[in-house]
Amino acid sequence: MHGFSYKNGSLFCEDIELSTLASEYGTPLYVYSAATILDHYRRLDAALNGVDHEVAYAVKANSNLSVLRLLANEGAGFDIVSGGELFRVIKAGGDPAHCTFAGVGKTKEEIVYALEQGIYSFNVESAEELTYLNEVAAELGVIAPAAVRVNPNVDAQTHKYISTGKSENKFGVDFEAIAGLYDHAASHLPNVRMRGLQMHIGSQLTSISPFIEAVEKVAPLAASLKAKHGIEFWSIGGGIGIIYKESLESGSLDWWENQPEVERPLTIERYGKEIVPRLKDLGLKILVEPGRFIVGNAGVLLTRCLYEKKGSAKTFKIVDAGMNDLIRPALYEGHHEIVPLKQPTSDVRKPVDVVGPICESGDFFCQNRELPDIQPGDTIALMSAGAYGFAMASNYNTRPLPAEVLVEGSTSTVIRKRQTLEDVIAGEL
Ligand code: LLP
């Protein structure tokens, strides 16, 4: 499901009319549906039922404390990539003992902080990092729990900036080198305990086949590491893709589940059905690290049209959100559906570019897209903006970060205040 639909000609998030939120809190405004976040978490949890597992939400996708708290209360674990994300998880009431720490460039301060907090595992990305982890743990007189990230050299068939499981990517350790590294750790690194194995092949995967290929390739390695080194868990990473196109209808998992097989390359039930049988005989705890799947279709970015500019070649709709608020179109050619809050009464569509106020040609939300009439003063929703939306926002062009609102039924809560200009310059001399 997702919580966004037209009712009586007006776009709602759960039981709240989005235009009310736009007038009350201003634009640009991120709005999230709590029910959608919970539904996605629960569906994935249920799909993995046949195997001992934990859903470790990838905090980077959306790290607002209230979103983390919602998931912590459901019993989620967390996949973090910085000391800052660990700090957020703890502030939100999450348990460090259910946190895995990924990333190729952990600093000493971050390692010390995570050791002090007692995280579940460091997901280590190189032999050098494992040696360093051993050194830092020895200085503190503790044993660091660790897993090495295996790079299975599988093509995730996704955008090149978010593909991570090929040998040419900076992530993980070559498949062929893993066994030797665990042997080395056992004999030479007394302050690390090899607790698991990790992999992640990329993000926004819309086909099941790369997941199957990676799991089948790595499962024998996981089994032999369990037999030889007693590892307890295997994290198979995140990456489950979501529907961006026609997401008002098809971003709803219910709609998607009802489509014929050929039109549903990857559903969560299918993911579970294909993956669980390939894992269950290993006797390992299976972790998954979804970010986008949990929050992507649970959020929208509301923005108001300021001007219509008719050029000789194109018509531009200039809106008050920019690439600093939502960078996905500029960075990954990401597609976000654009939906007026007032339901269009006519089927007429005209090709337009929806662009922001930033001084960059890359500052667009769509180009030459057939959209219903949008007039200055109208508010539109950029759909599927719950993941990697606010989390990647910046103050570029000295624009204050937008506010975020969480909707739960008929209640809305500001879960992050809009920044003021004083907030933006705080800390500068
Ligand atoms: N685990 C690891 C080790 C990761 O690097 C990532 C994402 C995830 C899990 C979660 O992946 P997800 O389930 O969300 O696909 N900013 C980009 C996506 C970057 C993904 C980075 N790593 C975007 O907006 O498309």
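This is a predicted model: local features need pLDDT of at least 70, side-chain atom pairs count only at pLDDT 80 or more; totals for chains, interfaces and linings use all residues.
Visitor: Which residues are closest to the ligand?
Guide: The ligand is surrounded by 19 residues. Among these 19, the closest are Ser203, Glu289, Arg328, Tyr332 and Tyr388.

Visitor: How is the protein divided, and what distance separates the centres of domain 1 and domain 2?
Guide: Domain 1 is made of 4-13 + 21-29 + 297-425, while domain 2 covers 34-294. Taken over C-alpha atoms, their centres are separated by 31 Å.

Visitor: Which residues of domain 1 lose the most area to domain 2?
Guide: Between the two domains, about 2,200 Å² is buried, with carbon and sulfur atoms giving 59% of that area. On the side of domain 1, three residues together make up 28% of what is buried there. They are Asn297, Tyr332 and Tyr388.

Visitor: How many residue pairs are in polar contact between domain 1 and domain 2?
Guide: In terms of contacts, 27 residues of domain 1 meet 25 residues of domain 2. The count of salt bridges between these domains is zero. For residue pairs in polar contact, both at pLDDT 80 or more, the count is five.

Visitor: Which element gives the most to the side of domain 1 that touches domain 2?
Guide: Elements giving two or more residues to that side are strand 1 (4-7), helix 13 (328-332), strand 20 (403-408) and strand 21 (411-416). By class, the side has 14 nonpolar, seven polar and six charged residues. With four residues, the element that gives the most is strand 20.

Visitor: How many residues apart in sequence are the parts that Lys285 and Glu54 tie together?
Guide: The structure holds 17 salt bridges, and one of them joins Lys285 to Glu54, with the closest N and O atoms 3.6 Å apart. Lys285 sits in strand 13 (residues 285-288) and Glu54 in strand 5 (residues 53-58), so the pair links parts whose separation in sequence is 231 residues.

Visitor: Is the peptide bond from Thr27 to Pro28 cis or trans?
Guide: Most peptide bonds are trans. Pro28 is placed in the loop between helix 1 (18-25) and strand 4 (29-33). With omega near -10 degrees, the bond from Thr27 to Pro28 is cis.

Visitor: What is the phi of Asn153?
Guide: Most residues other than glycine have a negative phi. Asn153 lies in the loop between strand 9 (144-151) and strand 10 (173-174). Although Asn153 is not a glycine, its phi is positive, at about 55 degrees.

Conventions:
Residues are numbered from 1 along each chain as its sequence is written. Side-chain values use heavy atoms; hydrogens and water are left out. Domain bounds come from an automatic or database domain assignment. Contact means heavy atoms within 4.5 Å. Buried area is the accessible area (1.4 Å probe) that two parts lose on being put together, summed over both. A salt bridge is a side-chain nitrogen of Lys or Arg within 4 Å of a carboxyl oxygen of Asp or Glu. A polar contact is a pair of N or O atoms within 3.5 Å; within protein, one must be able to donate a hydrogen and the other to accept it, and residues adjacent in sequence count only if both atoms are side-chain atoms. Ala, Val, Leu, Ile, Met, Phe, Trp, Tyr, Cys and Pro count as nonpolar, Asp, Glu, Lys and Arg as charged, and the others, Gly among them, as polar. A residue is near a molecule or strand if one of its heavy atoms lies within 4 Å of it.
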